[in-house]
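I opened my notebook to look up a few things in this structure. Come along and check each entry against the picture.

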Amino acid sequence: MLVYGRNVAREILNNNTKIYKVFLDNNFHDEELMEKIDKKNLKKFHMDKNKIDKMCGSSTNQGIALDIEEYNYLTIDSIENDDKSNFIVMLDSVVDPHNFGAIIRTCECAGVDYIIIPKNRSVSVNSTVYKTSSGALSNVKLVEVVNLNNTIKKLKSLGYWVYGSDAHGIDYRSIKYDGKTCLIIGSEGFGLKKIVSNSCDEIISIPMKGKINSLNASVASGILIYEIMKYK
């Protein structure tokens, strides 16, 4: 997987992610990153800016790209074996990598314990997600599951109260989230799937006073996550 950007490179160089190659703009100058690259004895390839832009499919690479191993997701077993976890965010078929990366960043900043995504019909970790998360991806616990409905049942058996975010629910501010909590965010434009919505213990909504009746998924996530964190 090819990822790019200085913040992303810094986080990856600071952890145990396997790095195969490093691609650098001929004019790249960052002593801190170069020191980390040389310390790991990584293969470096210097190239013209246009070439690295084309390779990354973006001019926002800041002159550095890394060829790394594919992202290694956790399984539901990690949550089952974690007695200290009490706040999980689940994404129901979010497909926009920019939204996904922004949600990851919010979860990391807020201290969410785990993020759960479905294996199919959902965005997966890619270069855009790495870039948008601004390095936060290296510091979150991301779980991939085959079936969200079965996962909800498992979480309930572990003592989690499951809240789904949708347009038609009770005001999110009217609840005290003082127990083990799972927040489910629906897909862009479609919200929660009916089977997922029916499995929730409660549906919560953000009141809308304007003419537009919905918020961007990552913005809605930020509002709800920080409300829940008041009780953690």
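**Aromatic rings**

I looked up tyrosine 163 and tyrosine 177 and found both of them buried (buried is under 20% relative accessible area, exposed over 50%, partly exposed in between, with a 1.4 Å probe and protein chains only). I noted that this is a predicted model, where local features need pLDDT of at least 70, side-chain atom pairs count only at pLDDT 80 or more, and totals for chains, interfaces and linings use all residues. I also noted that residues are numbered from 1 along each chain as its sequence is written, and that side-chain values use heavy atoms, with hydrogens and water left out.

How many aromatic pairs does a search of the whole structure find? I got 4 (rings of Phe, Tyr and Trp, the last by its six-membered ring, pair if their centres lie within 6.5 Å; planes under 30 degrees apart are stacked, over 60 edge-to-face, the rest tilted). The ring centres of tyrosine 163 and tyrosine 177 are 5.0 Å apart and the planes stand at 70 degrees, so I wrote the pair down as edge-to-face. Tyrosine 163 sits in strand E8 and tyrosine 177 in the loop between E8 and strand E9, 14 residues apart (strands are DSSP runs E of at least two residues, helices runs H or I of at least four, numbered from the N terminus). Ring pairs join Tyr163, Tyr177 and Tyr231 into a cluster.

**Helix H5 with helix H9**

Next I took helix H5 (residues 97–110) and helix H9 (residues 217–229), whose axes come within 9 Å and cross at roughly 15 degrees (axes are lines fitted to C-alpha atoms over the stretch in contact, and angles run from 0 to 180 degrees between N-to-C directions). H5 and H9 are therefore roughly parallel (under 35 degrees; over 145 is roughly antiparallel, 65 to 115 roughly perpendicular, the rest oblique). Among the residues that meet are Ile103 and Cys107 in H5 and Ile225 and Met229 in H9 (contact means heavy atoms within 4.5 Å).

**Positive phi**

I remembered that most residues other than glycine have a negative phi. Asparagine 41 has a positive phi of about 55 degrees although it is not a glycine. I found asparagine 41 in the loop between H2 and strand E3, exposed at a relative accessible area of 68%.

Is glutamine 62 exposed or partly exposed? Its relative accessibility is 42%, so I put glutamine 62 down as partly exposed. Glutamine 62 has a positive phi too, of about 60 degrees, and lies in the loop between helix H3 and strand E4.
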